[in-house]
Amino acid sequence: MATRIIMPQGGQDITEGTVVSWLKKEGDAVRKDEVVCEVETEKAVFEVPAPADGVLLKIVAGEGERVPIFSVIGIIGEQGEEIDLGEFIGGERQDEERLDIAEIRRRVGKEAPAGTGRVRASGRAKRIAAEKGIDLSNVEGTGPSGRITEKDVLDYAERSGAVSGTGEPGPPTREARPGRVVPMSKMRRVIARRMQESKQIIPHFYVTVSVDMTDALGLRDHLNQRSEGKEKISLNDMITKAAALALDEFYQVNCTLQDGNIIYLKDINIGIAVALDEGLVVPVLSGVDRLSLEEVARKTREMVDLSKSGKQASLARGGFTITNMGMFGVKNFVAIINPPESAILAVGSVEKRIVVGADGALRVRDMVEMTLSVDHRLLDGVIAARFLNKIKYHLQNPKSLLL
């Protein structure tokens, strides 16, 4: 049965992507999870893996074509299988636009030297090479099948004395200090546009609670001591799981607003804000309510690592986002909602504080502030408060996260 290859979102702020190159041609055999093409969004270059074993039956979106996210860009099936192309792609390609592929390749450092064939490199390696003006054909790859890795490019840059500043404008550097004008990078423009849209359209309100994390810390340490090589669990993993359980109970929060309709989402998919040197991405962890705490930890780590390497993180649409600045010593803050989601949870740092217990005694506890930003068009204060307090309940009764 034929399977669609989908243009990945690669971050919740992305609406379209461009096919940079196909690594397979029509008729080639492909294996599941083998990289078949590379796409560029406004935030990064992503490798797209094959969703199934088979043969690349059809390339729907050619190199240089810009198409909406989640649209069909290719089809995999069995050798000789006949497909109804109209059934597979429908009207999804009405907005496509062909771009200058040579220019795209130049920007991502992919232009192969004449006569030497394709240069194989990771997305992050290409981006760094483009920023530093490095010709990848001069870099020796140490990855699988000679693939050039980020480390290969950095090692080459150190040996050759390559400097940054020849590619797309990047994050603030010493050169971007006061006294200079630096154009916004594409990623920064996307973030600016989406956050401005959110604050202009969405009437935000905010709810804050203090959560006693003492027992959660104790359970985390206990589980990690017994992990014996398994994935270590972080407090953020526990917060993610607690949010998923709360979303399962308060389905009203797990919704979006589209064309005047409230869409209550079937799946509980949670975006995790990840800070990169270039800006911010929000990869999405899907089906969190069905995952064990250990699975949440493992999948989150994989997802974050992929995002940091500039690769595709998830095809899932997010319904709720968590952003944590506790590791930077931030006590509390409010976050801007990721449209079209209904809410986002901002998490501060865990601090030891003296609190008054139910018996009136003073105790030292590990406390954290959590602030929920809510779209008032979709939710009212009572539901928001109950939902946030359910997250608090699970964290203050952390064994509930193991059920």
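I call a residue buried when its relative accessible area is under 20%, exposed when that area is over 50%, and partly exposed in between, with a 1.4 Å probe and protein chains only. The model I am looking at is predicted, so I note that local features need pLDDT of at least 70, that side-chain atom pairs count only at pLDDT 80 or more, and that totals for chains, interfaces and linings use all residues. Residues are numbered from 1 along each chain as its sequence is written, and side-chain values use heavy atoms, with hydrogens and water left out.

**Entry on aromatic rings**

I looked up the ring pairs, where rings of Phe, Tyr and Trp (its six-membered ring) pair if their centres lie within 6.5 Å, and where planes under 30 degrees apart count as stacked, over 60 as edge-to-face and the rest as tilted. By this rule I find three aromatic pairs. In one of them, the rings of Phe 250 and Phe 387 have centres 6.4 Å apart and planes at 80 degrees, so I record the pair as edge-to-face. Helices (H or I, at least four residues) and strands (E, at least two) are taken as DSSP runs, numbered from the N terminus. Phe 250 lies in the loop between α7 (235-249) and β11 (255-258) and Phe 387 lies in helix α9 (residues 381-396), so this pair ties together parts that are 137 residues apart in sequence. Are these two residues buried or exposed? Phe 250 is buried, with a relative accessible area of 10%, and Phe 387 is buried as well, at 0%.

Another pair is that of Tyr 251 and Tyr 264, whose ring centres are 5.5 Å apart with planes at 65 degrees, so it is edge-to-face. It links distant parts of the chain, with Tyr 251 in the loop between α7 and β11 and Tyr 264 in strand β12 (residues 261-264), 13 residues apart. Tyr 264 is partly exposed, with a relative accessible area of 44%. I also note that Phe 250, Phe 320 and Phe 387 form one aromatic cluster.

**Entry on the nonpolar cores**

A nonpolar core is here a set of buried Ala, Val, Leu, Ile, Met, Phe, Trp, Tyr and Cys residues joined through side-chain atoms within 4.5 Å. The largest has 48 residues, of which Ile 270, Phe 320, Leu 345, Met 370, Ile 391 and Leu 395 touch the most other members. Helix α7 gives the most to this core, with eight residues. A second, separate core of 16 residues includes Trp 22, Val 36, Val 48 and Val 67.

I then took Met 370 and listed its contacts (heavy atoms within 4.5 Å). Leaving aside neighbours within four places in sequence, its partners include Val 207, Ile 239, Leu 345, Leu 388, Ile 391 and Leu 395.

**Entry on helix α6**

Helix α6 (residues 214-225) has 12 residues and reaches 17 Å from its first C-alpha to its last, close to the 16 Å expected at 1.5 Å a residue; the expected span is 1.5 Å times one less than the number of residues. Thr 214, Ala 216, Leu 217, Leu 219 and Asn 224 are buried in α6, and the buried residues of this helix pack against β10 (204-212), α7, β20 (362-375) and α9.

**Entry on strands**

Two strands pair if DSSP finds at least two bridges between them. I find an open sheet of four strands in the order β1-β8-β6-β3, with antiparallel pairing. At its edges stand β1 (3-6) and β3 (29-30), each with a single partner strand, so one side of each is left without a neighbour in the sheet. Two bridges join β3 to the antiparallel strand β6 (residues 54-59), and Ala 29 stands opposite Val 55 in β6.

Elsewhere, six bridges join strand β19 (residues 351-356) to β20, and the two run antiparallel. They form a hairpin with five residues between them, and Gly 360 in the turn has a positive phi of about 85 degrees. Lys 352 has Asp 366 in β20 as its bridge partner.

**Entry on backbone angles**

Most residues other than glycine have a negative phi, and most peptide bonds are trans. Which residues did I note for a positive phi? Asp 33 has a phi near 75 degrees; it lies in the loop between β3 and β4 (35-40) and counts as exposed at 52% relative accessibility. Phe 70 has a phi near 70 degrees; it lies in the loop between β7 (65-68) and β8 (72-77) and counts as buried at 15%. The peptide bond from Pro 339 to Pro 340 is cis, with omega near 5 degrees, and Pro 340 lies in the loop between β17 (320-324) and β18 (343-347).
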